[in-house]
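This report concerns salt bridges, nonpolar cores and a surface patch. The sequence and structure are shown first.

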Amino acid sequence: RPDVLDPALLRPGRFDRQVVVPNPDVSGRERILRVHMKDVPLAADVNVKTLARGTPGFSGADLANLVNEAALMAARKDRRMVTHRDFEDAKDKVMMGSERKSMAMNDEERRLTAYHEAGHAIVAINVKMADPVHKATIVPRGQALGMVMQLPEGDRYSMKFQQMIDRIAIMAGGRVAEELIFGPESITSGASSDIEQATKLARAMVTRWGFSEKLGTVAYGENQGEVFLGHSVSRSQNVSEETARIIDEEVRRIVTEGWDEARRILTDKAEDHEKLSQALLEYETLSGDEIRDLLEKGVAPNRDEANDTVAGPSVSVPVTPVSDGVEVETAKPSEPAAAPTTSVPTV
């Protein structure tokens, strides 16, 4: 912790260099996953690139834990190999918590949750700039009754204005869906996390990133920095009462625009919303490919439970394309590898 060191130790000629080691990027996560997967028997459908894309912000220890959790899940189901589905389930457990199988929701709560999550997914599919929907589920995990997970195409280090507006609209999709389907008197408290995240994003757009014409490109209030790099953790709000009032108005305006956009999309796509909600009630969890097939082609998900216990051939390492000159020794599977097939939580 450089912030607690004596300044005399940090002067030039002594400990005068700070090396910050961030979490790995998508290429680093892929290589780390391959290292931890060496001693794990993998099925032919495991796609390391997809797993690396779906674990932004994971450290090396998080990725090791992910592989261990996936192996445990496969062992509990008496599988000889770890499948891609095991890794996806392990990722959900690490990020959202364990499945609350003992939690019994009545039919009305399940319908509310299904329409709520379907609202998030429909808005995410139809906004201008958003990450592809990877999964939608109404299986309770941790404190969430359901979730819609979006899988970024790659690590993102900044966000465009349109992406922020679309993200707020996606957050609003669940609450708006409840209002349109069940009426204002039946709206639940399930959108509390969505409202909080949307408000934080809108306030950052106004006070830190200069996305308000009324306030201009001025930073209002000091950003709370990282204590381990020696920044102050105190926060001073050096704005007048009039400026604070304008900030509140601009935050409300941006959030309201996102709510209106979500309402427009769900009104125009009411048929798709109903179709996806019914599918979630029936299947509980849908992958991104299943959602696209359902909405675009009208093809219902195919759940072959016979494939749940018997996986493909045993492979010592993932049979996915290797980039950046990394040489990986692979065994020859007896059949070709399957095509690979991770959010907005609801509290």
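Glu 179 is partly exposed in this predicted model, with a relative accessible area of 29%. Its side chain meets that of Arg 263 in a salt bridge, at 3.3 Å from N to O. The pair links distant parts of the chain, since Glu 179 belongs to helix H6 and Arg 263 to helix H8, 84 residues apart. Arg 263 also counts as partly exposed, at 25% relative accessibility.

A search of the whole structure finds 21 salt bridges. Three of them are listed below.

| Salt bridge | N to O distance |
|---|---|
| Glu 179 – Arg 263 | 3.3 Å |
| Lys 49 – Glu 30 | 3.4 Å |
| Glu 88 – Lys 91 | 3.2 Å |

Lys 49 is partly exposed, at 27%, whereas Glu 30 is buried, at 10%.

Glu 88 and Lys 91 both lie in helix H4 (residues 84–96), three residues apart, about one turn of the helix. Glu 88 is buried, with 7% relative accessibility, and Lys 91 is buried at 0%. Salt bridges with shared partners join Glu 88, Lys 91, Asp 92 and Lys 135 into one network.

The largest nonpolar core has 44 residues; Met 205 and Ile 254 are among those with the most contacts inside it. Helices H6 and H8 are among the elements that give two or more residues to this core. Apart from it lies another core of 18 residues, including Leu 33 and Met 73.

On the surface, Leu 5, Leu 9 and Phe 15 form a nonpolar patch with about 280 Å² of accessible area together. Phe 15 is exposed, at 58%, and is found in the segment before helix H1 (26–36).

Definitions and conventions:
Residues numbered from 1 in each chain as written. Predicted model: local features only at pLDDT ≥ 70, side-chain atom pairs only at ≥ 80, totals over all residues. Heavy atoms only, no water. Patch = residues over 30% accessible without salt bridge, like charges linked within 9 Å, V, L, I, M, F, W, Y side chains within 5 Å. Areas by Shrake-Rupley, 256 points an atom, 1.4 Å probe, with all protein chains shown as cover. Salt bridge = Lys/Arg side-chain N within 4 Å of Asp/Glu carboxyl O. Helix = DSSP H or I, 4+ residues; strand = E, 2+ residues; numbered from the N terminus. Buried < 20%, exposed > 50% of the residue type's maximum accessible area, 1.4 Å probe, protein only. Core = buried A, V, L, I, M, F, W, Y, C linked by side-chain atoms within 4.5 Å.
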